[in-house]
Amino acid sequence: MKINMHRIQQYIRRQLPVGSFSRNVVTLMSGTTIAQALLILVSPILTRLYSPDDFGIYALYISILGILSVISCWRYELAIVLPEEDDDAANLLVLSILICVGMALLSLIMVGLCRIPVAYLLKAPELAPWLWFLPFSLLLTGLFKALNYWCTRRRQFKSLAVRQITQSIVTAITQISSGMTIYARAGGLIGGQIFGQTIATVKLAWDIWREDRLFLNHTSIKGIKEQAVVYKEFPLYQIGAALFNSFSAMVPTLLLGYFFSPAVVGLYALGQKVVASPMGIINGSVSQVFFPRAELARRQGNLDDLVISTFKHLLSIGLFPIAVLAIIGPQLIGFVFGVQWVQAGVILRLLSPYLLLNFLSAPISAVFSVLGKQKEYLLFNIVYFILAVSALVFGGLKDDAQLAISLFGTIAAILYGYFGIKIIKMSGGSLRTAWQAISKVLKDVSIFMVPLLVVQFFQIGAIVIIILSLILTICYFFYISKNKL
């Protein structure tokens, strides 16, 4: 049977018009998904070229870079999407780049003074020589952050998708090529990452210069200073919020490792990753497209409609698959990964309310920046960090891993539930209107869940439950695509 590609393209254009919110999200998601898939595909090759020690050094390098990158532009990059005039945004872009260069130079001094003590503190003396490359990596990361938000403002999402794919391809080729040499070691992984970042960021910078250099020619020292003052709350509050957010993401792994065995950490990591990886791709794409739309909606006076609509669409995407995983998690993970990993499915079940509410709330958190509520955002992240640590420490002192994870998941779910409600109310929306918007999603999801609950109740074989879950998931997403929930 001949496939009519023209009809397929017409169908896509009807469902996802050019410039629409959904089209932009799908564009970014496609780039991220392809980039992630490429890295996954080359992983078996890399594990045969590099040792676990090499990967350990590489992971430490990336972790340090991840923490430092939070403050690479002092969070001014977030403000690029906010000004009404592109000239003001261009001044913020230049400000972010200048700060990034300064932070890279400062990190070079710190590396010269502290690289050996830091490496020994992390029990990885082999890391010390590779830390010399950290300032350059920080420069590249900061530049990308700034350019990324400029593209977000200008709705150049295709350029961002191409950049993600380019970085993955160049990184993979370089890491594999380096791994085939005798002396590569961890430097092959780190060098591949840096080279991929360099090529992709330079290409993105060139695209922006070619398309938007007119705006950049209108920047001035006076304009840069003015924008630095106008958006001074970003470095004052967003840096702290971002750091607490980063530390909060690492806390469960660190504390579970401290109180319990590495096996518990592995079970937690797998259980969370089953949901976090695919949902993270959606979250990141929605967040990036939502930010400039939210600023425009604020000016037009319909921010509440955008927030509630986005919340509803996220719920329609996330509720059913997370509910399915909460029900069949142990059977599914045991079937896919082996019986020794069944407990990871139990952990997934415990974390599912938190993972869902985080999925719903995180993408619309840009409302805090749009409304100038950075102080409240910082406060939330501090409270979340303190309560998450307290829950895990309490469970650890009781020597009960399941209790620790249950308490953490419950507290995190409550906090993110409150977080979502606060965002809706801040945007001017009412909870009554929000409930009316999402009640149909809840009704439709419950209808699709009934067959699975019945089969699970009667404990019909794991394979039957898994196949039924797959069929129901396909039918559900076909249904919501037809009805545009």
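**Core, helices and confidence in a predicted model**

Student: Which residues touch the most other members of the largest nonpolar core?
Tutor: This is a predicted model. Its largest nonpolar core holds 137 residues. Helix 11 (residues 303-337) gives the largest share of this core, 16 residues. The residues that touch the most other members are Tyr354, Phe408 and Leu452.

Student: Which residues is Leu452 in contact with, leaving aside its neighbours within four places in sequence?
Tutor: Leu452 is one of the residues that touch the most other core members. Leaving those neighbours aside, its contacts are Val324, Ile327, Ile328, Ile465, Leu468, Ser469 and Leu472.

Student: On which residue is the kink in helix 10 centred?
Tutor: Helix 10 covers residues 262-300. Just after this helix, Gly301 takes a positive phi of about 85°.

Student: Which element has the lowest mean pLDDT?
Tutor: The mean pLDDT of the protein is 88. Over residues 1-6, pLDDT stays under 50. Where pLDDT is low, the predicted coordinates should not be read in detail. Helix 8 (residues 221-230) has the highest mean, 96, while the lowest, 48, belongs to helix 1 (residues 5-15).

Methods. Residues numbered from 1 in each chain as written. Predicted model: local features only at pLDDT ≥ 70, side-chain atom pairs only at ≥ 80, totals over all residues. Heavy atoms only, no water. pLDDT = per-residue confidence, 0-100. Helix = DSSP H or I, 4+ residues; strand = E, 2+ residues; numbered from the N terminus. Contact = heavy atoms within 4.5 Å. Core = buried A, V, L, I, M, F, W, Y, C linked by side-chain atoms within 4.5 Å. Buried < 20%, exposed > 50% of the residue type's maximum accessible area, 1.4 Å probe, protein only. Bend = angle between axes of the 7 residues up to and from the residue.
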